[in-house]
Amino acid sequence: MRLLAPARWSMVLGLCLFAAFGVVDAHAARIGDLSETRIWEQAIRFFSLRDPAVRYAALGAILLGTSCGLLGSFIVVRKMALVGDTLSHAVLPGVAVGFLWNMSKDPIAIFIGAVAAGLLGVLFVNWIQQTTRLKEDTALGLALAGFFAVGICLVTMMQRLPTGSKSGIDKFLFGQAAALGAADVKLMAVVTLLSVATIFLFYKEFLVASFDPGFAKASGHSVKVAHYTLMWLLAFSIVISLQAVGVVLVSAMLITPAAAAYLLTDRMHRMVLYSMAFGIASGLVGAFISFLRPNLPTGPFMVLAASLIFAVAFVAAPRHGIVVRWWRQRSQSRRVQRENTLKSIYHVLEGRSFQQEGVTVEELAARRRETVEEIRQQAADLRAHELATFDKHDGVIYLTPEGWQRAAAIVRNHRLWELYLTNAAQIAPDHVHEDAEKIEHVLGEEVVRQLERKLAFAKEDPHGRLIPDVATIQRGSGPRREAPSGYRRSE
Amino acid sequence: MVESRITKLPSQAPPLEIHDLTVAYHKKPVLWGIDLVVPPGKLIGIIGPNGAGKSTLIKAALGLIPGSSGWVKIFGESGRKGLKRVGYVPQRESVDWDFPVNVMDVVLMGRYGRLRLMQRPNAHDREVAKRALEMVHMLPFANRQIANLSGGQQQRVFLARALAQESDLYFMDEPFAGVDAATESAIVGILQELKQKGKTIMVVHHDLPTARNYFDMLLLLNMRVVAFGPTEEVFTYELLQQTYGGRLTILAEVAEAVRQRGA
């Protein structure tokens, strides 16, 4: 699902470019007439809802956003995004046949034809899976491409018929909300109402069947009925959305709003509500933009709006968004760096048997093999977190009691872990340092206690150095000092 | 009418009765002619090597996979009627833990089997779910999304869901797989408690040494029932050798041959 989104993005962008250039080509003579005021007028016409065509387009967009968002959230959590994609392409031959029925745009005939074609597509997928060794994704791909190709051939043939070019079947490819009529919107309302009512009434059955089919069946629910009900509602929702979004992109209206909602919440009912809201919003935006200029297709703009919503969710979602994740990683790595600096200060102090309390930046730079400037920055960072005091002029760093405790605790974690690896896991002493470098930052209080007990409160690490004990850590300064002299403020 | 109902009192029927059950996956038999009558109030371990059909036996008993022959009765009832008194703990890997539900949502699903179509869980159901969470020490995590739990915690959520089912017969598919020692002993304690209340619990188990201590009865399984009886009688070198040893390779070979011919 998450992989699909970028691919869809580029497809949508391509289609928009295609649409824009198509418009320029077809109406080159008129393009100069389309002044700013014309767009402004159209916008006012849209928002005033005076025009019945506008009302139908807006209503249609709301209805399709609702039903696609609703079914889409179940499709996404059931990992059936590809099924939705296939189904939405497989209906095209049915649409064409529905047109041929009486050479006009009869919503009911098209609905029946499209649903029948979709059903045929699903049966084809099942049949391929049962009779060959091919897996579901391949069978879905086969059905998608094959049925869509048949549909395109039929549509092209019909457009060559004398009455075909006026029939409006070409609108079914990329969608045209403005072409919706009263009969279309009525059918959309019936199907949307049916979907919303069914999912609302049987929400708990759909939830348990989607989360854990085995458990659902074992507690007496019919998982099959739930599955096929969802599939039928999905087929219906796709078919009623065709005219406004178009065959090519209707699956995006199922997947994209639901994917955005999935990133924003951890509860299914909220995901369903968000998904419907996103569906409605992107539907309306698409209908509005395509209304601004004649012959702009609706579908790509709806999907573009939905993809924008997804992009915002992807970047800014409170728990799963990349901004939050990036921030978490950054603060994590800065903490690790601070702890490493503290550790080096401890090492320097240890090197002179804790005789002096201050550490100069030059000493630390030599120890860490870094430049004095880098050490100065790290010292400033320690000061900002009240782990050390640092005088810029004499360049001496003193640990605060808290800084001392943290430094000793990290050294202790490191040496305990090294000892544990060499003693308990029997890893050679020269192999353990690298591992301990990482582990020291993540060991919790409880694990450290366990390690101590396991190692019988050992005093020395595998390299013969002292492991700082709890008393030393809490005293707030080096082990060889008699009294806790604390630290010297350098202000 | 009244008399006939009394003679069919469910408490008299054994919790689980399986007769001549054969199960095949893609025409390849995995269980052959299983006969089993499980007495009430026992804690029973199902043990056997990989591919012995331990999970398959549970799933077939629950009707999750069809048997090619034979029948299963739960408290004397077959089909969906029998399932009303059954609790189930599936393998932890069987679900997507990224699914947008929290711990409480999952445990409440244990109540769904008792609710009618369209009926929502009420305050009583919530109370039962809370108590179940309390029993497995997971109440503080009730509002946690299930992905943010450790493996042992996830296993305890599944156990709580089964407890919320308030059943008389429990099937548990490897409840100890991948859990920490603390969770394992907590689960064993709960199983003992259930047994004290007269419930019957059947547990698929992998670890032979602990099997001896945990269970009253053992079902040794390797595509057929090798032995079923009290642990002290069944946990013998000969029977375990029969279960895990190479004696049954013929059965496996024949199964493969059946599959090839069927395909």
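Q: What makes the three strands β2-β1-β4 of chain B a sheet, and is the pairing parallel or antiparallel?
A: In this predicted model, the three strands of chain B lie in the order β2-β1-β4 and form an open sheet with antiparallel pairing. Two strands count as paired because at least two bridges are found between them. Strand β1 (residues 16–25) of chain B is joined to β2(B) by seven bridges, and Ile18(B) stands opposite Leu36(B) in β2(B).

Q: Why are some strands of this sheet called edge strands, and which are they?
A: They are β2 (28–38) and β4 (69–74) of chain B, each of which pairs on one side only. On average, neighbouring strands of the sheet are turned by 25 degrees against each other, direction ignored.

Q: How do you know that the span of helix α17 of chain A agrees with its number of residues?
A: Helix α17 (residues 322–351) of chain A has 30 residues, so at 1.5 Å a residue it should span 44 Å; the end C-alpha atoms are 43 Å apart, which agrees. After α17(A) comes Ser353(A), with a positive phi near 50 degrees.

Q: What makes a residue of α17(A) buried, and what covers such residues?
A: A residue is called buried if 20 or more other C-beta atoms lie within 10 Å of its own. The buried residues of α17(A) include Arg338(A), Leu342(A), Ile345(A) and Leu349(A). Among the elements covering the buried residues are α18 (361–368), α19 (372–384) and α20 (401–423) of chain A.

Q: How many residues does each chain give to the contact?
A: Chain B gives 22 residues and chain A gives 21 residues. On the side of chain B that touches chain A, 14 residues are nonpolar, five polar and three charged.

How values were computed. Residues numbered from 1 in each chain as written. Chains lettered and ligands numbered in written order. Predicted model: local features only at pLDDT ≥ 70, side-chain atom pairs only at ≥ 80, totals over all residues. Helix = DSSP H or I, 4+ residues; strand = E, 2+ residues; numbered from the N terminus. Expected span 1.5 Å × (residues − 1). Buried ≥ 20, exposed ≤ 12 C-beta atoms within 10 Å, placed from the backbone. Contact = placed C-beta atoms within 7 Å. Axes fitted to C-alpha atoms, helices over the stretch in contact; angles between N-to-C directions. Nonpolar A, V, L, I, M, F, W, Y, C, P; charged D, E, K, R; others polar.
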